[in-house]
Amino acid sequence: MPQTLSAGDRLQLFRAEMARLGLAAVIVPTSDPHLSEYVPAHWKIREALSGFTGSAGTLLVTPDAAALLTDSRYWVQAEKQLIDGIELVRLTGRASAAATEWLAAHASPGGIVGVNAEFISLADGRLLESTLMLNGLRLRTESPDIAAFWPDRPAMPASPVAEMKRPGRSRAEKLAAVREELGREKADAALLNSLDDIAWLTGLRGADVPCNPVFLSTLLVGPDRAALFIDTRRVGAAVTERLAADGVMVLPPEKLAETVGLAIEHGRRILLDPEHTNAALAKLVPPASRVEAVSPVFTLKAVKSAGELEAIDEAMIRDAVALAEFYAELDERLSAGEKLTEADAARMLHASRAKDPEFFDESFTTIAAFGPNAALPHYTPPAEGGAVIEGDGLLLIDSGAQFTCGTTDITRMTPVGTPSAEMKHDVTLVTRGMLRLLGLRFPKGYTGSQIDAVARMDLWAEGRDYGHGTGHGVGYVLNVHEDPVRISPMATKTPLAAGNVVSDEPGLYRPGAWGVRVENLMVCEKAETTEFGEFLKFRALTMMPIDTRALEEPFGALADQLNRFNDERLERLLPLVSERCRRWLERAVKPVSRD
């Protein structure tokens, strides 16, 4: 059995490897060869070296210093988890600039900075190289051998790969759409590295990444055939046969370089996305044979079809039933004086969803946060325990589900005991922000950065704000965070389009006291065309009503909109839930007044 080492032991061995390679510093991103947001345990190298378990952060290591760079969502968590000798660098701007500044201060001029080429994109590698050079440092795509410092590394995931129960658009239709996009880019083929791109295009799903139904693979799409590079034992004979019928061959990963080489020999120009292709994979395609452009799948999968939206609507109803039953049980048990913890609440919610035969996983680890813990936007309760839900306060639960018919993501605020007037005011401000964005009409062609401020207006009016984006794209039975569509102050190039499914989740956080976030998913739709052009609007997808007990009275100018939102959901839910749940809904979801 491999020796179990501490993070400190691994870091010591890591530095020994650095010395052997002649590296003055090494950059360790939170990444895998597919540049995934959430990575399998096999690729959690940054965590293995630092002790920090958050889902975002970059570790910088020199022979006698180390630093973790992460944003405000994880500062408190990092302070608690980082091992001795690792400095926390609080990111407030671009990670690349902060990393370069730190490395320039801790590495000798002329030193070589290493990074594993599999864990950075082609674009990031170029940026790193140029910024380090300006600071007298050199970049080398080389880093310590993982086996040398992590002998107890978890095995590579190898879940079975299966076809979707509700595939949406056919594989043939999606392949044809991708080839049409390739024609526009003057490319003959596309080399795809992002796991959700591959899962969407092939209509297959796996379980290699927790909560994300994807599978480790690479895909080469040619003018008339495609090749899926994966351990062939993971794809059953029947699926392999159906893939072949659609012109998709299943080949072992060892055949990737050879197949790409043959395509190049035949004069194929291969498109790769420099932002989403790792620097090592990009080397397979020489510049003369390369077309650098956004993945053709990237925007295609963000526009859900009518059939997919119909299935997503079903998922939302299923999720709302499970959520309402959970909240009814939670309320009953708390009212009876039972001592429940955050972990108990997360476990109860999972059990409620698991009763639905179409549920197969959470879409991310449930955030059940009471009181001060809710002020940490990405707080996750421990497997056992956490804060006891008692006294007077607010319970924030941000959770999501993977159903065979869709992916959900929702945040609700629940009053515990008697929340203070200030707490209720904060929930009211955030709920108004959610409703303002939901009710917005805006010109076609606008990006998420151009409408983000709408959700912040009520907060800004009182000198308050939140440090995260307002919305992210959501996949169809796929990743709960799906690029390229975002609603955020950060500039985004991709405009919102009819068929985009995005979240609407403003927040407000008071460190050491409480936190608030209210979230629904919504779909972008065509609104109308006037003499000023075409306009778009949003339709709420989430079917769980808002608990009005956490709001102040009167609610204000948006009271009618909130009451309509809740009435529409109650009409759908009441016939589907238990008597206990109906009684809870009647208590928790009452109309609010305008004045």
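Me: What makes a pair of atoms a polar contact?
Reply: A polar contact is a pair of N or O atoms within 3.5 Å; within protein, one must be able to donate a hydrogen and the other to accept it, and residues adjacent in sequence count only if both atoms are side-chain atoms. The side chains of S295 and D197 make such a contact at 2.9 Å, a value within 3.5 Å. The model is predicted: local features need pLDDT of at least 70, side-chain atom pairs count only at pLDDT 80 or more, and totals for chains, interfaces and linings use all residues. Residues are numbered from 1 along each chain as its sequence is written, and side-chain values use heavy atoms, with hydrogens and water left out.

Me: Why is S295 called buried?
Reply: Buried means under 20% relative accessible area (1.4 Å probe, protein chains only). S295 has 5% relative accessibility and therefore counts as buried.

Me: Which residues is S295 in contact with, leaving aside its neighbours within four places in sequence?
Reply: They are L192, D197, L271 and D273, where contact means heavy atoms within 4.5 Å.

Me: Where does S295 lie?
Reply: S295 is in the loop between strand 14 (290–292) and helix 12 (296–302). Helices (H or I, at least four residues) and strands (E, at least two) are DSSP runs, numbered from the N terminus.

How values were computed
Buried means under 20% relative accessible area, exposed over 50%, partly exposed in between (1.4 Å probe, protein chains only).
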